[in-house]
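Here are my notes on this one, written to be read with the model open beside you. Take them point by point.

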Amino acid sequence: MGSVRAVQGERDPSQEAEKRRPSGLGTVTVVFLLALPLLLLFFLFGDRAVASIAADYPVWQRFKVQSSGNASSSRRAERCAHDRLLGGLLSPDFDAATCLSRYEASRRWKPSPFPVSPYLVRKLRQYEANHRRCGPGTANYRDAMAQLMSGRNADRAECKYVVWLPLQGLGNRMLSVVSTFLYALLAGRVLLVHEPPEMEGLFCEPFPGTSWVLPPEFPYTDGFSADSKESYVNMLENNIVRYDGSGDAGALPAYVYFHLEQISLRLQNHTFCEEDHRVLGRFNWMVLRSDSYFAVALFLMPVYRGELDRMFPAKASVFHHLGRYLLHPGNRAWGIVERFYDGYLAGADERLGIQVRVAPFLPITFEVMYEQIARCAREHDLLPQVTGDPGARPASGAAKVKAVLVVSLKPEYYDKLHSVYYTNATATGEVVTVFQPSHDQDQHTEALAHNERALAEIFLLSYSDRLVTTGFSTFGYAAHSLAGLRPWLLLLPDRATMRAEVACVRSASVEPCLHSPPSLVCRAEQDLDPVAHVPFLRPCEDVYFGLKLI
């Protein structure tokens with residue numbers, strides 16, 4: 001990784017290297033002068049000089065490597081800078097100390113399987129400029145707030161906003177805020193996030209020179225539901241808004257509430273039809289509350305398809321790129337990541353992440369769940385088998401070390417797996433180490449410290465070489481999508497037998513699943529099944545009625 005100064009835009013390292021590169025004659029002279037003291041030592045002290053030099057060999061070896069590497073130093077510096085900025089996703093215009101994870105996270109991720117589209121990079125820089133122009137503390141924001149407090153919408157306002165309200169646990173929040181940001185990119189809105197006490201400082205500011213945190217004086221953050229009179233669907237049903245676009249935009253209410261919570265595993269009608277989004281576009285202020293990865297549904301709308309195709313030529317890269325761009329752990333959470341990774345995982349030859357989340361609506365016993373995990377690992381050669389022979393050794397060379405990271409609210413899965421590999425040798429001679437960062441027993445989304453640990457463990461999972469995650473878990477979705485890995489998904493058990501006949505399946509893509517597709521009332525009857533007509537959509541492996549991008 002480069003220095004902080006490199007992030008902030010110093011001179012081109014390739015030019016500096018060119019200036020420093022010695023001529024051929026200079027190199028010969030330097031080598032001769034360096035060798036002269038050694039020749040004198042050898043002449044005066046003989047073998048003792050040789051022994052002394054041998055003892056200091058690593059120092060000389062390091063010097064040799066540094067000297068011989070000068071010719072490629074600029075290329076290494078360029079690769080390092082490229083990695084820091086994730087192929088151009090990240091802006092270099094930050095003080096790295098204010099958010100250590102922003103430029104450090106990429107050191108531990110595997111290389112992304114998806115090239116970053118130059119068009120997406122351009123859109124992100126344009127968005128950042130617009131956020132600086134319209135964000136909190138600006139004259140445009142003050143004007144917009146004055147309009148909001150007047151009780152009426154403004155016609156042809158300078159800036160438009162979408163206010164994101166958190167809902168459900170951390171995984172749901174990460175999926176929904178990335179979806180909301182994608183909507184803001186497409187609709188030309190500025191994203192502001194409501195940051196309740198359990199989220200204060202959890203994530204870094206993602207946009208340079210401004211803030212995405214909703215100022216505390218914003219009046220509309222509580223009491224919303226699908227039945228709220230300010231909701232778009234209720235406005236439509238009560239003829240406050242109309243599809244024909246009639247009436248003065250200045251006569252509309254001051255804001256619209258857009259409810260995107262999954263209700264009975266289905267989003268509301270009139271949420272992802274083009275005529276609805278034309279009406280929504282007339283409002284300067286939108287308050288949005290969601291627990292879903294509704295980014296998938298934006299691909300169902302022809303009005304956005306062209307922009308989405310240009311931003312994401314690889315459709316399965318949406319959360320992978322936007323999550324890495326937007327979601328940077330704050331310094332407290334990042335400290336947990338660094339200490340745990342460097343202390344327990346960094347030295348392993350291979351890292352396997354196992355995330356276990358028992359669905360509250362389908363509770364199964366520890367024994368059944370552990371058997372499913374073991375079956376998945378065995379059938380897909382994720383973990384070596386153990387043997388009763390205590391003398392098992394690798395065929396040749398040092399034993400390979402495989403670190404297993406167990407992430408679960410419960411300690412039993414770690415205890416069992418650790419006991420198996422602590423008390424038994426492996427048939428392959430591999431050494432398997434098992435670790436669990438925390439086990440809080442229950443989810444406490446209302447607690448900041450709990451959320452910091454959860455965020456740290458999502459990132460630790462994303463540094464795995466291979467991943468096993470629990471189906472239906474948004475926590476697992478966030479981890480494997482950030483990693484850019486197709487996980488083995490532990491399938492939900494059959495309700496009748498409380499056992500999964502197939503232990504796990506490999507996900508078709510790295511994208512999260514939209515559990516609750518919208519009702520496409522705006523489509524012709526033959527288009528109601530999007531999978532049949534959209535080539536890059538598939539049903540989710542773990543949620544048969546869900547949709548995912550591939």
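1. Start with the parts list: the chain holds 21 helices and 14 strands. Both are DSSP runs numbered from the N terminus, helices being H or I with at least four residues and strands E with at least two.

2. A word on what you're looking at: this is a predicted model, where local features need pLDDT of at least 70, side-chain atom pairs count only at pLDDT 80 or more, and totals for chains, interfaces and linings use all residues. Residues are numbered from 1 along each chain as its sequence is written, and side-chain values use heavy atoms, with hydrogens and water left out.

3. How much of the chain is buried? Of its 550 residues, 49% count as buried, meaning under 20% relative accessible area with a 1.4 Å probe, protein chains only.

4. Now the sheet. It is open and built from 6 strands in the order S9-S7-S5-S10-S11-S12, with mixed pairing; two strands pair if DSSP finds at least two bridges between them. At the edges sit S9 (431–435) and S12 (504–506), each pairing on one side only.

5. Zoom in on S5 (residues 350–356) and S7 (residues 401–408): they run parallel, joined by 7 bridges. Which residue of S7 is the bridge partner of Val 356? Look for Ser 408.

6. Helix H20 (residues 474–483) lies across S5, S7 and S10, at about 160 degrees to S10. Angles run from 0 to 180 degrees between N-to-C directions, using axes fitted to C-alpha atoms, for helices over the stretch in contact (heavy atoms within 4.5 Å).

Notes
Buried means under 20% relative accessible area, exposed over 50%, partly exposed in between (1.4 Å probe, protein chains only).
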